[in-house]
Amino acid sequence: MSNALHIASDAATARAAAGKRSPAFPRLVITTTILASSLAFIDGSVVNVGLPAIGRSFHADAIGLQWVVNAYLLPLSALLLLGGAAGDRYGRRRLLIAGVLLFGIASLACAMAPTLVLLLLARFVQGASAAMLMPNSLAILGQSFSGEAKGRAIGRWAAAGAAAGAIGPVLGGWLIDAGSWRLAFLINVPLSVAAIVLASRYVDRDVDDTAGGLDWLGGALATAGLGLATWALTEGSGRAWSASAFVVLGAGLIFSLLFLFAERRLGDGAMVPLALFGSRSFVGLTLLTLLLYGALGGLFVLVPYVLIQAGGYTATQAGAALLPLPLVIAVASPAAGALAAKVGPRWLLITGPVIVAAGFLLTLRIGSATSYWLEVFPAMAVIALGMAGAVAPLTTAVLMSVDSSHTGAASGLNSAVARTGGLVATALIGPVIASSGPALLSTFGAAAAIGAVICAAAAASAAMLIAPAGKAQPSIQ
């Protein structure tokens, strides 16, 4: 669900910013992009609710369940920026249709997977195809509309994403309770068919022959570095920090260093232009995003799992327990965005994570005989209020922290970093998922306390590194 709480944008959207004419069927274009992006928003939230059922079906251990989540997040995190650039080069409509088609096929493969290994392979394809469709669905709005019409279109797209994130866990939980976790993946198939038909008929063709080449080397190195590091963290947290885990972690760090070296050589043509990090505020915002969305990513996996395994909730009830988050954020974010425009985003980005940390501490009250309204709801409501104060100001601050030529790359990187935070957090929660009985609640409490500390660290990064409103953005010498 954390994906649905992050307002996505990327370089493709920025380069498509100058929409010249309105499409012949504007509402159908908006519907197309909403259907396409909803695939990723729904799938990301449904799977968290289905982890206990998937574990029982395949007799999977904690590491296997962690990979059910991370097999999707890994390619999405590593290839999100490359997917936007590919849309620039080969056509956003073409990339959207290809991404939706692959996502639908992979969803069908997930539903039919006879083994855990094949499920993980299908989840990886889902993540890679989500990296194609998500940035290009938003970029299509950028190229199809202009002025106020564009703002309204993107607003509807973002609202629909939040709604999909809210509906996904409840609908997925109901299907799991009524039949099987496999049905939850089948939700994506009719959505994929509808999105492909609409995109083929109503989205204009576009190919930019002047677009630069793709940073394939950067994409490959980022995937290898993140993949190896994630495997090592998952293995180390779930079993033990063996010599092989440290070797693989070291290899992941080496690939990550090679990625930085390759990006430096490409300059502004890189998937991640390193010139972005010359802004101290951008560094602070990137660190805040990694920490805050990392803590949230871990929480969104663990809360449904604990409610089902320790609290006796059904999958539907566990999915519904998360509803306050997207609903409160959808209602309160516009006010937070307006306040950020008046006073600047810095103070909201300090207080928001602090409030989220308080919500994490409230989850310590969740137990085996949990009353939703007295124990779960207050924690979810407080976390939602804190996130409502941070989501819109974070997007504004990212765009303000760099020069105009780098706004697309900055917002795209910020979106990828949010997914990477969830990837790392999920790799580290093995001890909680591996526990049962009273030990499950005690390890969950420890994880929630650590999450609160991480949120406080996110607030500290905002306080120390983000420039106050009205002051020039300091650079890092």
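Predicted model: local features only at pLDDT ≥ 70, side-chain atom pairs only at ≥ 80, totals over all residues.
Local features need pLDDT of at least 70, side-chain atom pairs count only at pLDDT 80 or more, and totals for chains, interfaces and linings use all residues. Residues are numbered from 1 along each chain as its sequence is written, and side-chain values use heavy atoms, without hydrogens or water.

Helices are DSSP runs (H or I, at least four residues) numbered from the N terminus. The axes of H3 (residues 26-58) and H9 (residues 188-202) come within 9 Å and cross at roughly 150°; axes are lines fitted to C-alpha atoms over the stretch in contact, with angles from 0 to 180 degrees between N-to-C directions. H3 and H9 are therefore roughly antiparallel (angles over 145 degrees). In the contact (heavy atoms within 4.5 Å), H3 contributes residues including Leu-28, Leu-35 and Asp-43, and H9 residues including Asn-188, Leu-191 and Tyr-202. By class, this contact has 12 nonpolar, four polar and one charged residues. Nonpolar covers Ala, Val, Leu, Ile, Met, Phe, Trp, Tyr, Cys and Pro, charged covers Asp, Glu, Lys and Arg, and the others, Gly among them, are polar.

The rings of Phe-58 and Trp-181 have centres 5.6 Å apart and planes at 55°, so the pair is tilted. Rings of Phe, Tyr and Trp (its six-membered ring) pair if their centres lie within 6.5 Å; planes under 30 degrees apart are stacked, over 60 edge-to-face and the rest tilted.

How values were computed:
Helix = DSSP H or I, 4+ residues; strand = E, 2+ residues; numbered from the N terminus. Parallel < 35°, antiparallel > 145°, perpendicular 65-115°, else oblique.
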